[in-house]
Structures are given as structure tokens and as C-alpha cells.
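Please look at the sequence and the model before reading on.

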Amino acid sequence: MTSEHRRLVLSVYIPTLLLSFGQGVMIPVLPIYATRLGGDYGLAGVVVAAAWIGTTLFDMPTGLLLPRIGYRRAMLLGAGVFAAATTALGLAEAIPALIILRFLAGVGTAFWGLSRHAFITQAVPPAARGRVISVFGGINRLGHFTGPAVGGLIGKLYGLPTALIVSGALAGMAFVLAVVFVRDLPGTAPASRHGLDLSVLREAVAGNHRNVVAAGTAQIFGQMIRASRQIVIPLYANSLGLDDFQVGQIVSASSLVDVLLFVPAGIVMDRFGRKAAAVPSFTIMGLGMALVPFTETYWTLMAAALLLGFGNGIGSGTMMTLGADLAPPGRTGEFLGIWRFIGDTGQAIAPLAVGQLANLIGLALTAGATAGLGLLAAGTLTFFVRETHQARAAGRAGLARPAKRV
């Protein structure tokens, strides 16, 4: 374990594992719970998307507030709000209550997620950024690997509301650890006189606007397919007649493949460039989603889900690393608020679109249609986004321009 990783174990990694495990518990539970409360596919999509909407709407305000409140306060606020709202989900008995509570959980995620991302970006040097952020992404995936099977089992044995309460309790444990171990980094403590300055957007794109716009577009498509699989797989499994535990097994198995690849993903990013990991990732995810409509049994759906997990795993941390690379010096928190707003927009749109489209054309055709999102993300990265890894980008620049004679 490197020194960079050791510094982050108790302050970031373990709290992230607890919170992501709780989120994983909800993956197979929440869409099905919404339908059992009387919602159709469209309303189930709204319930899932409500958290992403809350996150998206608060990403930019959170980024602008980070210099004022500090990373530590932002982490604590985010974890506390998420834990309270998620615990209350298990007590809700109507779709509107689910939507409101998920929105509040999304607000908490904006504070928690952005503060951690900015904290890591400031805490480690650029040369190790890909590996450290891929571990961070891998820990999120580890929680999503173990959580769904546990959530499905709890739902089957004790009821879906109990699984939601367990998810909230895990987030509460993450909050306690953050209280004890998180400290602000030097130079990132709350600033008493720091205005909400929107000039960061202009600074970030000055002389680089085409790359930022193209990268942001790729991120929207990529996050859309990532979010789509979290609603398509549980609902499609339910439509095949699989029980709650089987749904959880499929989601967890997909996440197992996913989590095994975060270390190789980080090595690829730091040695060969960010695009070397991201482009294959989204291409394979598109292929995996295209196979879902052809599945008819537990095992065939499992195979498609495993391919999706493989594709997502080799892209672990790619979008976060790309955003960290693009962030202008001195404006990390503000820019990452904008960057996460772009990505979370895709994650918020996807469940809404999937739910409404499934009502119109059915889940099978909807799954096939979402496959194109992965290809759009991969194509945009390939043809329109310049490599942001410093060594790779400098190498290509040297090949493209002959050295001047002196």
C-alpha cells in the first residue's frame, strides 16, 4: 500500500465502503419496492432518478460552497443527510414520500461525493492520481458487489423496508467515522471571505473549451449507461419471474467482476492514458446492454450482467480522473462541482428515460436502445477528446511537432 493510500484509509476509503455498501443494498430493492407500492415502470424510474436529480441540482452550489465550509464539514453534512433520508425510506408507504426522501438523499450525495473527490485530488500528486482515484472508484464498486445480494436476501427474509433501513444505518456508520477521522487538508480549511465565484467556469475552459465540452458530452453518455443498468437489470430480472434474492445475486455477481478490475484500470490510466481505459469500458458496456433483450433465464441474464460488470470495471475512476486532470489549479472544488453536475445530469436523466421508454415499448427494447449510449460515449472520447494524462499528452505533442533547432 502506498503512502497516498495509507493517508486515505480511515478518512475516505472505509467511510466510502460503508456508504457504497448501503447503496448496493438498495440497488435490487428500491425499483421493485416502488412497483409494489403501486408504481409502474415510469414511477419506479422517477424514484431511482430522484436521488440523481437532487445530486445534480446541488453539484454546482456544493462546489461553490466548498471553499466556504471546508471539505470536512461538507463530508459530514452529506453523510448525515444521506443517512437520515435513506433510513426514512424504510418507513415510507407511498410513492411521493419515496421520491422526496430520495431527492434529499441525492442532496447529501452531492456534498459527500464532491468533497471526497476534491479531497483526493488535493491530497495526491498527479502522477499517482489514476491509481488512487481508481481505488476510490473500486471501493465504491466493492460495496455495490456485496450489497445487492445482502439487500436481496434481507428483502426476501424480512421485507424490502428492512433492507432500506439497513442501508441508512450503514450510511450512519460512515458519518461517525468521518466525524472521528476526517480533517481538512492544509490550504483547504473554510475561508471566511470567499464569495460564490462563477468565474471558475470561464477559467476552466479558457483555451481548452473544445476538450472540456467534448469530455463533458462523453461523460453524459457514459454515466447514462452506467445508471441505466441499475434499473434495467433489476426490473428485467423481475419480469423474468426471478425472486428478490436471485435479483440480488445477479447484481452482486456483476459487481464482483467490476470490483476485481479497479487496480488494473488505475495502472492502465497512469501508464497508457485515461482514454486507454475509458474507450474499451464504454464499448463493452454497450455490448453487454445489447445482449440483455436476448436473455430468457437466470443464467443468460447473469452472463449479460457479468459483461456489463467487466466493462464498467475496466473504466473504474476514469471520469473522476479525467475531471481531476481538467480542473484548473486553485479552483479544484468549484470545477469538480461543474464536472460532477455534467455527469450526474446523465445519471439523473437515464432512470427517467428508461422508465418512460419501458412503459411505451417494453423493457427488452428499452435495454437494446440504451446500448447505443455506450457506443456514443466511446466514440466521443475516441474522436473528440484529447488525452489529459500529462506524460502521454506530452509524448504525442512531441511526435506531432518537430523540435526547434537552436
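Val-176 has a relative accessibility of 48%, so it counts as partly exposed. This residue is found in helix H6. The model is a predicted one, and the values below are computed from it.

Val-176 belongs to a nonpolar surface patch of about 520 Å², together with Leu-10, Ile-14, Phe-175, Val-179, Val-180 and Phe-181. Two helices, H1 (3–26) and H6 (160–181), each supply at least two residues of the patch. The largest share comes from H6, with 5 residues.

## The chain as a whole

The chain has 16 helices and 0 strands. Of its 406 residues, 57% count as buried. The accessible surface comes to about 16200 Å², and 68% of that area belongs to carbon and sulfur atoms.

Contacts can also be sorted by distance along the sequence. Among contacts between residues at least 6 apart in sequence, 87% join residues that are at least 24 apart.

## The nonpolar core

In soluble globular proteins, nonpolar side chains tend to be buried together. In this model the largest nonpolar core has 110 residues. Leu-8, Phe-282, Val-292 and Leu-381 have the most contacts inside it.

Which residues does Phe-282 contact, leaving aside its neighbours within four places in sequence? They are Gly-222, Ile-225, Arg-226, Met-319, Gly-374, Leu-375, Ala-377, Ala-378 and Leu-381. Leu-381 is itself one of the core residues with the most contacts.

Gly-323 is found in helix H13 (residues 318–326). Its relative accessibility is 0%, so Gly-323 counts as buried. Leaving aside neighbours within four places in sequence, Gly-323 is in contact with Phe-335, Leu-336 and Trp-339. The C-alpha atoms of Gly-323 and Val-212 are separated by 9.0 Å, and these two residues are 111 residues apart along the chain.

Thr-109 is found in helix H4. At 18% relative accessibility, Thr-109 counts as buried, because the cut-off for buried is under 20%. Not counting residues up to four places away in sequence, Thr-109 touches Gln-23, Thr-55, Phe-82 and Leu-114.

## Aromatic pairs

A pair of aromatic rings is described by the distance of the centres and the angle of the planes. The count here comes to 2 aromatic pairs. The ring centres of Tyr-71 and Phe-119 are 6.4 Å apart and their planes are at 70°, so this pair is edge-to-face; planes over 60 degrees apart count as such. Tyr-71 lies in helix H3 (residues 41–89) and Phe-119 in helix H4 (residues 95–123), so the pair ties together parts that are 48 residues apart in sequence. Both Tyr-71 and Phe-119 are buried.

Tyr-298 and Trp-299 form an edge-to-face pair, with 4.9 Å from centre to centre and 85° between the planes. Are these two residues buried or exposed? Tyr-298 has 15% relative accessibility and so counts as buried, whereas Trp-299 has 63% and so counts as exposed.

## Salt bridges

A search of the whole structure finds 4 salt bridges. In one of them, the side chains of Asp-243 and Lys-156 meet at 3.6 Å, N to O. This pair links distant parts of the chain, 87 residues apart: Asp-243 is in the loop between helix H8 (209–239) and helix H9 (244–259), and Lys-156 is in helix H5 (residues 129–158). Asp-243 is partly exposed, with a relative accessible area of 30%. Lys-156 also counts as partly exposed, at 48% relative accessibility.

Asp-258 forms a salt bridge with Arg-229, and their closest N and O atoms are 3.9 Å apart. Asp-258 in helix H9 and Arg-229 in helix H8 are 29 residues apart. Both of these residues are buried. Asp-325 forms a salt bridge with Arg-274, with the closest N and O atoms 2.6 Å apart. Asp-325 lies in helix H13 and Arg-274 in helix H11 (residues 274–291), so this pair ties together parts that are 51 residues apart in sequence. Asp-325 and Arg-274 are both buried. Salt bridges that share partners join Asp-270, Arg-274 and Asp-325 into one network.

Notes. Residues are numbered from 1 along each chain as its sequence is written. This is a predicted model: local features need pLDDT of at least 70, side-chain atom pairs count only at pLDDT 80 or more; totals for chains, interfaces and linings use all residues. Side-chain values use heavy atoms; hydrogens and water are left out. A nonpolar core is a set of buried Ala, Val, Leu, Ile, Met, Phe, Trp, Tyr and Cys residues joined through side-chain atoms within 4.5 Å. Buried means under 20% relative accessible area, exposed over 50%, partly exposed in between (1.4 Å probe, protein chains only). Contact means heavy atoms within 4.5 Å. Rings of Phe, Tyr and Trp (its six-membered ring) pair if their centres lie within 6.5 Å; planes under 30 degrees apart count as stacked, over 60 as edge-to-face and the rest as tilted. Helices (H or I, at least four residues) and strands (E, at least two) are DSSP runs, numbered from the N terminus. Patches are made of residues with over 30% relative accessible area and no salt bridge: like charges are joined within 9 Å, nonpolar side chains (Val, Leu, Ile, Met, Phe, Trp, Tyr) within 5 Å. Accessible areas come from the Shrake-Rupley method with a 1.4 Å probe; for residues, only the protein chains shown count as cover.
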